[in-house]
Amino acid sequence: SSVAISGGAPSSVAIGGGNGHGMVLAMRRLLQSRLNAHCSRHCCGSSAAACSGCPGSNFGASSSSSPSKEPMLDDPRAVFGGLSNSIHRGFKFDRILKSDDLDPENVLELDQMALMSLKTQDVPVAIMEKIAKVLKDFGHKKDLERYGRFLRKKVRSRTAVEVPSVLSSAFLPEQADPDGGPLAKLRKNPAFKDLFDHTDWSSLEDSAMRRLAFADKEERLHKLFQMFWSPEAALTYLAHRYPACWATNYRVLYELARRAPDFQPASILDYGAGPAPGLAAAQQVWPGTFQQAVAVEPSGHMGEIGKYLTADLRLPVVEWRRCLYDSLETFDLVIASYVQMEMRGQSSRDAVIKQLWNRLSPGGVLVLIEPGTPTGFRFIHHTRELFISRVGLENFHFVAPCPHEGMCPVALTGRDWCHFAQRVRRTPHRLYNKGSARRFMEEEKFSFLCIRKAP
């Protein structure tokens with residue numbers, strides 16, 4: 001290769017496939033030529049070998065010469081004195097400039113904040129032992145499994161039949177023109193004047209009306225099956241659904257604790273508690289912090305199972321109620337998991353969300369969890385848009401999953417929906433066989449929203 005050094009003509013140095021000795025000789029000849037050029041210009045006008053005052057006069061001599069005659073290669077001025085100083089010669093790490101990137105510690109903190117997924121979870125041993133005891137005492141495993149298949153079929157007929165679609169949002173450009181669009185034409189049509197007046201939709205924006213119309217259409221196509229929780233149905237739910245519900249509640253509350261480390265709830269309300277997997281997950285995330293616990297469950301059989309499971313938890317005595325009574329008491333944490341799916345009509349769901357929001361204390365958090373299907377995400381998206389348009393950005397903050405109060409980009413794709421997954425080990429097959437006997441774990445899909453009553 002040709003090595004060009006300023007101050008002289010390029011010198012050809014053969015650095016090829018030879019051995020290391022040839023490379024050393026080539027470098028010695030290169031340095032000798034540089035010294036000769038230096039002596040001829042700045043010293044005595046002769047070569048470096050004939051110059052007695054030059055430190056490299058014996059450069060290139062044999063190793064048998066005396067030590068006093070060896071060249072002084074440690075002096076950079078003697079070797080590179082004739083080179084130009086305007087050319088920077090060095091490696092890249094010799095010039096470390098100030099970086100505009102984030103500090104590595106901040107990057108690591110953000111990465112840990114984004115990595116909220118958990119490994120496969122196990123239901124707490126004490127709770128699983130109680131579930132096993134109840135199922136053993138009842139017996140009739142085949143009957144419970146048959147009822148479980150019926151339960152799964154009815155739930156899927158409501159939650160897993162809707163296809164993804166583009167959901168309306170108040171942030172879309174179509175909302176900028178209130179006089180355009182099909183709804184504006186209906187308002188101007190005298191034939192539909194009485195319709196808007198009697199339905200009290202005249203004060204709603206177009207995006208809210210589109211969401212309500214879409215919800216009404218889907219609920220007419222996929223009607224809600226109202227489950228009656230008999231003792232056998234309650235035990236089937238305990239064996240079939242409790243591990244998955246506990247895992248999703250624990251996963252969501254774990255993310256809430258990571259994103260809001262200053263949040264330490266002292267009181268909790270579990271609305272639509274069932275056998276209270278939300279209370280069991282909350283005491284795992286915040287052990288020993290609760291001073292008041294209330295569970296609202298209209299089914300008496302579900303409530304009895306929930307009382308049995310929560311008796312030995314690190315919680316105060318749980319107060320069980322049949323409905324949400326009118327009172328002025330507030331709670332730091334309100335959980336409503338898999339509740340909206342069991343209600344008819346979007347207006348009923350909105351009324352429950354407003355009631356739960358009014359039960360929050362300042363700085364409290366409302367946690368909503370629904371199945372990870374297009375239907376469940378539609379409920380979560382509508383609640384999100386409801387808060388943005390009605391509550392006001394100065395009165396709340398979305399803590400998770402996306403900590404911003406803007407438009408949800410996933411809702412506009414028409415091909416996907418926002419959902420997450422959590423793996424959990426099932427109820428042992430010797431007690432209840434949920435599906436294939438070869439699978440001992442399942443992956444529960446869910447959509448959720450955590451709303452804090454603070455800006």
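## Patch, pocket, cavity and salt bridges

L102, V107 and L110 make a nonpolar surface patch of about 270 Å². A patch here takes residues with over 30% relative accessible area and no salt bridge, nonpolar side chains (Val, Leu, Ile, Met, Phe, Trp, Tyr) being joined within 5 Å and like charges within 9 Å. Areas come from Shrake-Rupley with a 1.4 Å probe, and for residues only the protein chains shown count as cover. This is a predicted model: local features need pLDDT of at least 70, side-chain atom pairs count only at pLDDT 80 or more, and totals for chains, interfaces and linings use all residues. Residues are numbered from 1 along each chain as its sequence is written, and side-chain values use heavy atoms, with hydrogens and water left out.

V107 sits in helix α3 (residues 104–114); helices (H or I, at least four residues) and strands (E, at least two) are DSSP runs numbered from the N terminus. With a relative accessible area of 33%, V107 is partly exposed, that is, between buried (under 20%) and exposed (over 50%), using a 1.4 Å probe and protein chains only.

The largest pocket has a volume of about 1300 Å³ and 49 lining residues, with V155, Y237, R241, Y338 and P371 nearest its centre. Helix α5 gives the most to that lining, seven residues. The largest cavity comes in at about 130 Å³, and F377, R384, P401, C408 and C418 lie nearest its centre among 15 lining residues. On a 1 Å grid over the protein atoms alone, a cavity is a set of points where a 1.4 Å probe fits but cannot get out, while a pocket is an open set with protein on both sides within 12 Å along at least five of seven lines; lining residues have an atom within 4 Å of a point. Points join across faces, edges and corners, and volume is the space filled by probe spheres set on them.

On to charges: the whole structure has 18 salt bridges, each a side-chain nitrogen of Lys or Arg within 4 Å of a carboxyl oxygen of Asp or Glu. Some of them:

| Pair | N to O distance |
|---|---|
| D122 and R425 | 3.0 Å |
| D137 and K133 | 3.2 Å |
| E319 and R321 | 3.1 Å |

D122, in the loop between α3 and α4, and R425, in strand β9, are 303 residues apart. D137 and K133 are four residues apart in helix α4, so about one helical turn separates them. R321 counts as buried at 11% relative accessibility, whereas E319 is partly exposed at 37%.
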